[in-house]
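Here are some notes on the model, for reading alongside the coordinates.

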Amino acid sequence: MPIVPGAAIYDLSENDQIPGTSWAINALKSIGNDIPIGPYWGGTGATVSKYKEDRKIKSGQGYYEISRGNIKVGVLVILNSLGDVYNFDGKNITGSELKSLKELSYKMDNGNIWQIFTRKLGFNTTIGAVITNAIISNSEANYIAESANFGFASRIW
């Protein structure tokens, strides 16, 4: 049972067409076993690096799945963030002028970056779903959701 039964991102600055019933019908007709990566499905209008008007970079959705025995765990994310995305080594992978988390941390500590980040807080939403066939309790599901949220917080700045 999903904890969040429905969620959406919608960025009117990137997509001036308002979704309608035909979009849902076409999406259902095209569903297969493969999940496309990039600006598809829910990630069609997604962008990152919006803290600077001329920096917006097209984003989209991503999916990753692992299995151990007959247990599978998948994560589907639609990335529509105000900030940049960093890999495990702290390197910026969205091509911004802020090259590392260390440089970003320095600018945040000096107080000169919050004005940039708070300009357009209404135009970003990153959502994700952790999907599994494992039988888990409510508290285990909450722990998994919390862990996924920490994952977002450690990679999107």
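Predicted model: local features only at pLDDT ≥ 70, side-chain atom pairs only at ≥ 80, totals over all residues.

1. Which residues make the nonpolar surface patch? I71 is one of them, together with Y64, I66, V73, V75, V130, I136, Y143 and I144. The patch covers about 770 Å². Two or more of its residues come from each of β3 (60–68), β4 (71–79) and α4 (138–155). Strand β4 supplies the largest share, at three residues.

2. The sheet is open and has three strands, in the order β3-β4-β5, with antiparallel pairing. Its edge strands are β3 and β5 (127–132), each of which pairs on one side only. On average, neighbouring strands are turned by 10° against each other, with direction ignored.

3. How many bridges join β3 to β4? There are nine, and the two strands run antiparallel. One of the residue pairs to check in the display is Y63 with its bridge partner L76 in β4. As background, strands of a sheet pair through backbone hydrogen bonds, in either a parallel or an antiparallel way.

4. Taken together, β4 pairs with β3 through nine bridges and also gives three residues to the nonpolar patch.

Methods: Residues numbered from 1 in each chain as written. Heavy atoms only, no water. Patch = residues over 30% accessible without salt bridge, like charges linked within 9 Å, V, L, I, M, F, W, Y side chains within 5 Å. Areas by Shrake-Rupley, 256 points an atom, 1.4 Å probe, with all protein chains shown as cover. Salt bridge = Lys/Arg side-chain N within 4 Å of Asp/Glu carboxyl O. Helix = DSSP H or I, 4+ residues; strand = E, 2+ residues; numbered from the N terminus. Pairing = 2+ DSSP bridges. Axes fitted to C-alpha atoms, helices over the stretch in contact; angles between N-to-C directions.
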